[in-house]
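Reader: Hey, I'm new to this one. Could you walk me through it?

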Amino acid sequence: MQQPAVLELANLRKTIKGKEIVKGVNLTLNPSQIFGFLGPNGAGKTTTIRMIVGLIKPTEGSVTICGYSVAHNFVKALSNVGCIIESPDMYKYLTGMENLLQLAAMDKKISKQRINDVVEMVGLQHRVNDKVDTYSLGMRQRLGIAQAIMARPKLLILDEPTNGLDPAGMTEFRKLIRKLAYEDGMAVFVSSHLLLEIQQMCDVVSIIKQGSVITTTLVQDILHDDKIEWQLNDPEKAITLLREHWNIVAVRLKNDTISADIGQHSLDKLNEFLIREGIALTYCSTKQHTLEDLFLDLTVGDEIV
Ligand SMILES: Nc1ncnc2c1ncn2[C@@H]1O[C@H](COP(=O)(O)OP(=O)(O)OP(=O)(O)O)[C@@H](O)[C@H]1O
Ligand SMILES: [Mg+2]
């Protein structure tokens with residue numbers, strides 16, 4: 001029998017005080033997938049996550065976690081989830097270790113060894129016996145992640161997880177997330193308004209804008225999409241040649257510059273061809289598409305509403 005998806009959202013909607021904040025979100029998350037939920041401030045990311053973990057009820061639609069409906073089988077559904085929403089919950093007057101022990105006491109399956117392992121995984125071993133109110137923001141984030149992964153959830157949900165982490169902390173965090181996904185099989189749902197973070201960390205990204213998912217794509221597909229710019233003496237002839245011989249659609253950018261996606265074609269071969277056909281090339285450059293290009297294309301002109 002086929003395993004159910006780790007997370008399935010079907011037509012998820014939320015209206016608060018007459019305002020539709022989440023407008024029919026659909027998505028499926030499988031084991032070992034790192035999913036990025038990317039959108040500007042106020043797009044509806046946290047509201048969606050609150051519905052996933054049952055903090056608020058959807059106005060319409062459903063959330064299913066490992067085959068269990070959050071609305072009808074809350075305890076079973078949520079037993080598969082570790083999460084941090086906005087900022088991690090912890091007792092500030094206890095030490096990091098005491099916080100972890102407190103949580104572990106509620107779940108008999110968590111051994112002392114497992115606690116020590118997660119402390120090491122998040123790099124808190126030197127400070128875990130200090131009180132949380134002496135921690136920096138980044139240390140609290142790390143402790144939050146330790147809390148969230150301690151029970152080996154199948155689904156890890158992190159709302160803006162790298163807030164407060166320094167660059168070294170971010171790099172370590174990315175490594176940790178990859179390990180959890182690719183070695184331990186966790187599905188990871190990360191929300192962020194930071195493009196680079198999602199680009200560097202995730203396999204799949206959905207872009208949410210004003211409550212609607214406007215695109216879902218493999219991050220790898222965006223990064224492999226190369227755009228070439230040529231500066232040459234006869235742009236119109238080059239455009240025609242590229243279309244007729246290679247089925248490549250080029251556009252004219254400036255008087256002497258054209259641009260095209262060349263897909264799987266070899267740039268060397270194209271350049272040889274253009275020169276052979278009598279085109280004089282002055283300059284040629286490769287521009288890799290980034291998530292930022294896509295995001296800006298899709299969200300241009302938007303303001304927070
Ligand atoms: N309880 C509420 N009452 C009224 N409006 C709300 C409520 N909760 C959320 N909103 C509104 O819903 C919209 C989406 O909020 P949400 O917190 O989901 O955004 P977000 O994508 O997480 O943004 P950010 O990147 O700033 O965290 C915002 O316009 C917000 O003001
Ligand atoms: Mg938010």
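**A look at Val 132**

Author: Val 132 is partly exposed, because 19 other C-beta atoms lie within 10 Å; buried means 20 or more such atoms, exposed 12 or fewer, and partly exposed in between, with C-beta atoms placed from the backbone. This is a predicted model, where local features need pLDDT of at least 70, side-chain atom pairs count only at pLDDT 80 or more, and totals for chains, interfaces and linings use all residues. Residues are numbered from 1 along each chain as its sequence is written, while chains are lettered from A and ligands numbered from 1 in the order in which they are written.

Reader: OK, and where does Val 132 lie?

Author: In the loop between helix 4 (112–121) and helix 5 (137–149). Helices here are DSSP runs of H or I with at least four residues, strands are E runs of at least two, and both are numbered from the N terminus.

Reader: Which residues is Val 132 in contact with?

Author: Leaving aside neighbours within four places in sequence, they include Met 90, Tyr 91, Asn 99 and Arg 140. Contact means C-beta atoms, placed from the backbone, within 7 Å. The C-alpha atoms of Val 132 and Asn 99 are 8.7 Å apart, though 33 residues separate them along the chain.

Reader: Switching topic: how many helices and strands does the protein have?

Author: Eleven helices and 14 strands.

Reader: And how is the protein divided into domains?

Author: Into domain 1 (7–219) and domain 2 (226–288), with bounds from an automatic or database domain assignment. Their C-alpha centres lie 45 Å apart.

Notes
Two residues are in contact if their C-beta atoms, placed from the backbone, lie within 7 Å.
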